[in-house]
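Thanks for asking me to look through this one with you. Below are my notes as numbered points, to be read alongside the structure.

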Amino acid sequence: GVDIISIFLSEFGITMDPVDLDPGLSANVSSDFPTSPPPGTSKRAPHSIIIGVRKGGTRALLEMLDIHPEVAAAATEVHFFDWDENYAKGFEWYRELMPYSYPNQITVEKTPGYFTSALAPERICAMNSSIKLLLILRDPAERVVSDYTQVYFNRLENHKPVQAIENLLVRNGALNIRYKAIQRSLYDVHMRNWLRHFPLEQIHIVDGDALIRDPLPELQKVERFLNLPPRIVSSNFYFNQTKGFYCIRSDGRERCLHESKGRPHPAVNSTVLQQLRSYLQEHNRTFFRLVKRTFDWQ
Ligand SMILES: Nc1ncnc2c1ncn2[C@@H]1O[C@H](COP(=O)(O)OS(=O)(=O)O)[C@@H](OP(=O)(O)O)[C@H]1O
């Protein structure tokens, strides 16, 4: 049940878990916003939430969706539904953190921790049971390595000791399935929790690997899901050779995501990686059945 998941998730890796630093874009975005709200705008509860997954490409998805003139994106991660101390501040506190938007716009926030939070689904459902949810997922084994890499760099920055990924993935010769990064990649476990509160049709899954290779088709699917008129076009994206990722061109400006997005991953011992992949395989299959769709995660 839900409690078992949360106990399981919180049991291991707390000490190595960073506050989720997500600086967003490297370009100066704040200068776009005037100090007083534009006439005719207001702060409104989100019409859609990007619920995760951590390291799935949530920042890229939000920034790319924000190209759309009818989208108003929250500037920072809010962590309202997954952090009890924020949830206790109440709904008005949450709404205040939303961007000013015009009546024809939809408000979108992203907090990657919602997907693996035991309580976020019922809390979001209590706010708005017909809200449209966006979930961006990538190959769950690759996600584990990305998660490790994020923690690794945060620890380096904070002058804390770091470990090789194999030391975290393996305990006493076996795969350490209690490692938090692995737990977060059990998409079937978390998805079940969401499907208890929302019908599958209300959760659109964005293929995070496809978004990296070619963002436009994934964004077009999101436009349709959100009933937005098609406004995002191929010239909104250009491949930056130095970064090795697509960057955004919009309103006459070009910008890439922050340098913490798209970091090189460490090489993982192939036997350990194989152990990880075979452990995830059964969970992936269950997940495909749950969402009535497959992904090329192998
Ligand atoms: N266009 C573009 N530019 C840069 N990075 C991109 C892009 N599209 C997707 N990604 C992938 O996004 C990964 C980070 O995911 P998140 O933003 O969800 O991370 S976080 O949970 O908010 O920390 C990040 O993971 P890493 O590669 O491990 O750094 C990227 O692979």
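**Notes on the predicted model**

1. E282 has a relative accessible area of 47%, so E282 counts as partly exposed. Please keep in mind throughout that this is a predicted model. The partner of E282 is R285, and their side chains form a salt bridge with 3.8 Å from N to O. Both residues belong to helix α12 (residues 270-291), where they sit three residues apart, about one turn of the helix. R285 is also partly exposed, because its relative accessible area is 42%.

2. A linked set of charges deserves a look next. In general, an α-helix has 3.6 residues a turn, so residues three or four places apart point the same way. Are D147 and R143 buried or exposed? D147 is buried, with 1% relative accessible area, and R143 is buried too, at 0%.

3. The unreviewed UniProt entry lists K55 for "active site". K55 is placed in the loop between β2 (48-52) and α2 (58-65). With a relative accessible area of 14%, K55 is buried, because the cut-off for that class is under 20%. Which residues does K55 contact, once its neighbours within four places in sequence are left aside? They are R138, R143, S146, D147, Q150, S260 and K261.

4. L156 is partly exposed, given its relative accessibility of 39%. Together with F153 and V162, L156 forms a nonpolar patch on the surface, and the three have about 210 Å² of accessible area together.

5. On to the cysteines. How many disulfides does the structure hold? There is one disulfide, and it joins C247 to C256 with 2.1 Å from S to S. The link of C247 and C256 is right-handed, with 100° about the S-S bond. C247 is buried at 1% relative accessibility, and C256 counts as buried at 14%.

6. R249 and E254 have sequence numbers that fall between those two cysteines. Their salt bridge has its closest N and O atoms 2.9 Å apart. R249 is partly exposed, with a relative accessible area of 30%, and E254 is likewise partly exposed, at 48%. For the whole structure, the count comes to 12 salt bridges.

7. E201 lies in the loop between α9 (187-195) and β9. At 63% relative accessibility, E201 is exposed, because that value is over 50%. E201 and M98 are 103 residues apart along the chain, and their C-alpha atoms are separated by 25 Å.

8. Finally, the chain as a whole. The protein chain has 12 helices and 12 strands. Of its 298 residues, 51% are buried. Counting contacts between residues at least 6 apart in sequence, 76% join residues at least 24 apart. The chain exposes about 14,100 Å², and carbon and sulfur atoms supply 53% of that area.

Terms used: Residues numbered from 1 in each chain as written. Predicted model: local features only at pLDDT ≥ 70, side-chain atom pairs only at ≥ 80, totals over all residues. Heavy atoms only, no water. Disulfide = S-S within 2.5 Å. Buried < 20%, exposed > 50% of the residue type's maximum accessible area, 1.4 Å probe, protein only. UniProt positions renumbered as here; feature names shortened; annotations may be inferred. Helix = DSSP H or I, 4+ residues; strand = E, 2+ residues; numbered from the N terminus. Contact = heavy atoms within 4.5 Å. Patch = residues over 30% accessible without salt bridge, like charges linked within 9 Å, V, L, I, M, F, W, Y side chains within 5 Å. Areas by Shrake-Rupley, 256 points an atom, 1.4 Å probe, with all protein chains shown as cover. Salt bridge = Lys/Arg side-chain N within 4 Å of Asp/Glu carboxyl O.
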